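Reader: I'd like to learn how to read the features of a model like this one. Could you walk me through it?

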Amino acid sequence: MVVVTFQTSDGKTRYYLADDNSVPIQSVLNYLRFEDDRGLARNTLRLHCIQMKHFYSFLEQKKLKYTDFLLYLLFETGMRIGEALSLWLGDFDISGCTITIHDRGKMENLSEIKTVSSPRKLDCTQDLLEVFTEYVCFFHTEGVKTNHVFVKMMGKNVGKAMDYQDVENLFRKLRKKTGIYI
């Protein structure tokens, strides 16, 4: 995996992340285009690309454990944490390779989408949907009494919908373990 520097047709220096076969990683390319359109400085775009390289490498090294599904989802789709926490099992369309984000108002885990324009349908890869299927098969056992995708996996509230504090705890553990600020 390598950060590639290139010149746009109007002479601007830009960056993208390429895999081991020199093919651009589409989700990173889309994210960097979005950030560029927002007017971020060249060095900021470069830093974001480098951070994505570290994050992507981290996911590859861990062989994407089931507990990393949330990170993979956020990374690939660009979804907000609140949107991810508000997902229900039925929001994933395996055959259509899409995820639909619905406005359900405040939920039991206090998650919600950020704005009224946030409900949308997101395209995703077959790889993400395969990890989703494995995650659901592994964690959504008979004891789970919620339709939320992300559930607590230990403690007295096992099987209940994951909340923002659970995500913050996950990110804190990852920062401590990897030194990468997520």
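Author: Gladly! Let's begin with how helices lie against each other: here α3 and α6 are roughly perpendicular to each other. The contact brings together Leu 70, Leu 71 and Leu 74 of α3 with Val 167, Leu 170, Phe 171 and Leu 174 of α6. Keep in mind as we go that this is a predicted model.

Reader: What is the angle at which α3 and α6 pack, and how far apart are their axes?

Author: The angle is about 90°, and the axes are 11 Å apart. Helix α6 covers residues 164-178.

Reader: And at what angle do α3 and α5 pack?

Author: Helix α3 (residues 69-77) and helix α5 (residues 126-139) pack at about 155°, with 10 Å between their axes. An angle over 145 degrees counts as roughly antiparallel, so α3 is roughly antiparallel to α5. Their crossing is left-handed.

Reader: Which residues of α3 and α5 meet?

Author: From α3 come Phe 69, Tyr 72, Leu 73, Glu 76 and Thr 77; from α5, Asp 127, Leu 128, Val 131, Phe 132 and Tyr 135.

Reader: Now the cysteines. How many disulfides are there?

Author: First the general idea: a disulfide is a covalent bond between the sulfur atoms of two cysteines. To count as one, the two sulfur atoms must lie within 2.5 Å. In this model the count is 0 disulfides.

Reader: Where is Ser 22 placed, and is it buried or exposed?

Author: Ser 22 lies in the loop between β2 (13-18) and α1. It is exposed, at a relative accessible area of 55%. Ser 22 also has a positive phi, about 65°, without being a glycine.

Reader: How can I check the length of α1?

Author: At 1.5 Å a residue, the 12 residues of α1 (residues 26-37) should span 16 Å, and the end C-alpha atoms are 16 Å apart, so the two agree. The buried residues of α1 are Ser 27, Val 28, Leu 29, Leu 32 and Glu 35. Just after the helix, Gly 39 takes a positive phi of about 90°.

Notes. Residues numbered from 1 in each chain as written. Predicted model: local features only at pLDDT ≥ 70, side-chain atom pairs only at ≥ 80, totals over all residues. Heavy atoms only, no water. Helix = DSSP H or I, 4+ residues; strand = E, 2+ residues; numbered from the N terminus. Expected span 1.5 Å × (residues − 1). Buried < 20%, exposed > 50% of the residue type's maximum accessible area, 1.4 Å probe, protein only. Axes fitted to C-alpha atoms, helices over the stretch in contact; angles between N-to-C directions. Parallel < 35°, antiparallel > 145°, perpendicular 65-115°, else oblique. Left-handed = near helix turned anticlockwise from the far one by under 90°. Contact = heavy atoms within 4.5 Å.
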